[in-house]
Amino acid sequence: MKKIIFMIFAFVFMVSHSGRIQAKTNEYPYLTFVTNEGATTLTVASLSIQVDGENLVVTNAEGVHTFVLEHLQKMYFSSSSSSVEDLNSTVKEKTEVYNLKGELVGTYANRAEAVNALETGIYVLKSKSGTIKIAIR
Amino acid sequence: MKRIITALLSLMMVSAISAQTLNVHTDYVTYQYAAAEVGDVDYLSGTSLIALGKSFALKDVKSMQVTDEEVTPNQVSVAYSESSAHVKVAGNIAKYVTVEVSGAHVSIVQSDEVNDEVGEISYVLSGTSADGEFYMSGSYKATVEFNGLTLTNATPVYSGAAVCVMDGKRVNIKVVTGTTNTLTDAVSGNQKACLYVKGHVEFKQKGTLKVVGNYAHAIKAGEYLTIKNADIQVLSAVGDGVNCSEYFLMESGSLNIAKVGDEGIQCDVDGDASTGETANHEGEDSGNIYITGGVITVSAPRSEGIESKGAMTITGGEIKVEAYDDAINSSQDMTIEGGYIYARGSNNDGLDSNGNLYIKGGLVYAIGARSPEVAVDANTEQNKKFYFTGGTLVAIGGLENGSQLSQSCYSTSSWNTNTWYAMTLDDQTIAFKTPASAGSTLVVSSSSTPALKSGVTVSGGTEILDGMIFLNATTTGGSSVTLSSYTSSQGGSPGGGGFPGGGRPGGWW
C-alpha cells in the first residue's frame, strides 16, 4: 500500500513539474473595464473585444457590452468580482439584480445600493452601463 | 485509500486548469499577455492602449480575445503558411520587438534595451513558405529555433537569405529534435549565405536542417560556429558549405556537405592577428578547426574539403572528405589524435598542413594525387615536418619527404584501383577500398606489423566512413601483398600514378 501511495505521489509530482501540465495558482476569470462613469466587471469566458468606430464592443458568454472609447481609462484582470471597488458604486444607474436562476431579486437606484442590500451569493447586475456578475461574500 | 486517491486526482485536475491570456491582434501579429502579468491595460484618449509598456494605436488593433492559451515568456513564434506568416509575441517582451510582415517575409528588430534583466528572446520558426524569409536584428544574445520549417526566399524583401540574423552576439540555433527543416535562399541578392548569423552560432538539438545556398555560402557565421547533436545537410552551395571565423568546433551530430562551389568547411581568422587557441575558447580568434566527435561528410568537387586558416585538431569523430584540391588543409599545425578519417584530394594532397602535421592516434586513410602531391603533406619548405607517432595509417600517394616516422611504416609501390584490401593487425582486420586513381605508393602502418591482401571479398564488419572502410572485417580470398619497410626518404618522390588505374578515365573527377 505504501508503495502505491508513494508511486501516486511521485506521479503527481512528476506531472505537476513536467511543464506539460503546470499548476496555476493565479486564476483571473474576470476582466474589469474602468470608464469615467465607473467600472464594469465581466467574466472572461469566450470574451472578445472589437474596436467599432468610437466604441469598444465586448462580447462574452453573457452578452454584448459597449464602452465609449474616449471614456475608457483602463482594463485589468481580477480573480474575483466581489470587491466593492470592482463594482464601482459611482454607477448611478437603475440596477436590476437577478439570481443564477434568472429570477429578479430586486431593482435598486444604483449598484452601490444593490450591493449593500444583497445577501451572500452570486448575482447578475444589469444596468445601462452593462451587465456584470458578482459574488457577495 | 480512496480518499487519498480522490484527493490526488483532484489535485491533478486543479493543476490542469489553464491560465487566462489577453491576445491583442493586429494584422499579422498577436501579442499575448498573461493575465497574471499584464496588470492595468491603459486606454489613452480613445486612440491607443498600452500593455506592459507596449503602445498600440487602436486603429491597428483588429480585435482582442481572452483565451486559455499559455504564453511562453520571452518567446516570439513565427508560423509560415505559404504566402503569409503570423507572428505571436509574448507580452513580457512585446515592447522590445518591432515586427514587420510583408507576405511571408518577416522582419523583427530587437531593441538594444534587451539585456540580462529582460533576458534572452527565443524566435521559434515553423511552417512552410515558397516565398518567405526571416530577418532579425539585435544586439543581445538570442535563440532561433527551427521547429519544422521549410522556407524559400524567392523574392527578397529584407535580405536574400532565408534566415538572416544580424545579431553580433551568441545566437543559439536549435534544430528542434524530431523536426526536419529546409532553407533555400534567393538566386540573387547581397546575402552572404542562405543561413547567415552575424555573431557566433551554436547549433543544438537533434533535428535535421537542410540548406541550399543559391547565391553564396550555405551557412555562414561572422564569428565562431559550433555544432552539437544537430543533423546538418548542405545540399548545395555556390560558395562554401559552412563558412565561419574565429574557430569551428564539431562536437557531435552530423554535417553532410555536397555540391559546393568552394570549400566544404572554411574557418578564417576574424581580426588582424590570430589569438591562437585559448582556454575554453574564450575570446578565441584563431581560425582553428576542432573536431572532437560527430560525423562529417564533405564532397568538394572544385576546391578544398575542409580548410582551416589556423590549426586543425582532430580528436574524434568520423570524417570523410573527397575534394578536388587538398581534402583537409590547415594553414598552421594539423594534429590528429583520434577518430576515423578518410581524406582524398583528387588533384592534390589528402592531408596538407602548412605547419607541422602530427598523427598520434586514430585511423587515417589519406589519398593524394600523383607526385608531386602526396597523401600526407607537411610544409617541409618551411622546415616543418610530418610526425607520425601512433595510430593506424593507410596512405595512397606516399608521405611527405623527410617525415619523422616513430612508428614503422610499410609500403608497396603498386596497388589496384577500385579494389578491396584487407590489412590484418594483431587485434583485427581492417578492410579498405582503393580509389579509381591516386599517387603510386601505398603506405600502411599500425601499432602492430600489418599484413596486406589485395582483392579480398568483404562479408562482414563494422562499416565506417560511408562504406570506405570496414572495421573488424570478415574477408575471404585475395592475394597477399609484399610490403617493404618505408623510410622517410621515399616520401614525396616523383612517380607515376597508381597501378593500374592512375589517371584512367572513370576516376573521381
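Which residues does Phe203(B) touch, not counting residues up to four places away in sequence? The legends below take this up, starting with how to read the views.

This is a predicted model, in which local features need pLDDT of at least 70 and side-chain atom pairs count only at pLDDT 80 or more, while totals for chains, interfaces and linings use all residues. Residues are numbered from 1 along each chain as its sequence is written, chains are lettered from A in the order in which they are written, and side-chain values use heavy atoms, with hydrogens and water left out.

**View 1. Phe203(B) and its contacts.** Not counting residues up to four places away in sequence, Phe203(B) touches Ile173(B), Val175(B), Leu195(B), Leu209(B), Ile219(B), Leu225(B), Thr226(B), Ile227(B), Lys228(B), Ala230(B) and Ile232(B) (contact means heavy atoms within 4.5 Å).

**View 2. The largest nonpolar core.** A nonpolar core is a set of buried Ala, Val, Leu, Ile, Met, Phe, Trp, Tyr and Cys residues joined through side-chain atoms within 4.5 Å; buried means under 20% relative accessible area, with a 1.4 Å probe and protein chains only. Among the 133 residues of the largest one, Phe33(A), Phe146(B), Phe203(B), Phe248(B) and Leu351(B) touch the most other members. Strand E13 (residues 142-152) of chain B gives the most to this core, with 5 residues (strands are DSSP runs of at least two residues, numbered from the N terminus). A second, separate core of 23 residues includes Ile396(B), Tyr410(B), Tyr421(B) and Met423(B).

**View 3. Asn288(B) in strand E27 of chain B.**

**View 4. Asn243(B) in strand E23 of chain B.** Asn243(B) is buried, with a relative accessible area of 4%. The side chains of Asn243(B) and Lys220(B) make a polar contact at 2.8 Å (a pair of N or O atoms within 3.5 Å; within protein, one must be able to donate a hydrogen and the other to accept it, and residues adjacent in sequence count only if both atoms are side-chain atoms). Leaving aside neighbours within four places in sequence, the contacts of Asn243(B) also include His217(B), Ile219(B) and Asp268(B). Tyr196(B) is 47 residues apart from Asn243(B) along the chain, and their C-alpha atoms are separated by 9.7 Å.

Definitions and conventions: Helix = DSSP H or I, 4+ residues; strand = E, 2+ residues; numbered from the N terminus. Buried < 20%, exposed > 50% of the residue type's maximum accessible area, 1.4 Å probe, protein only.
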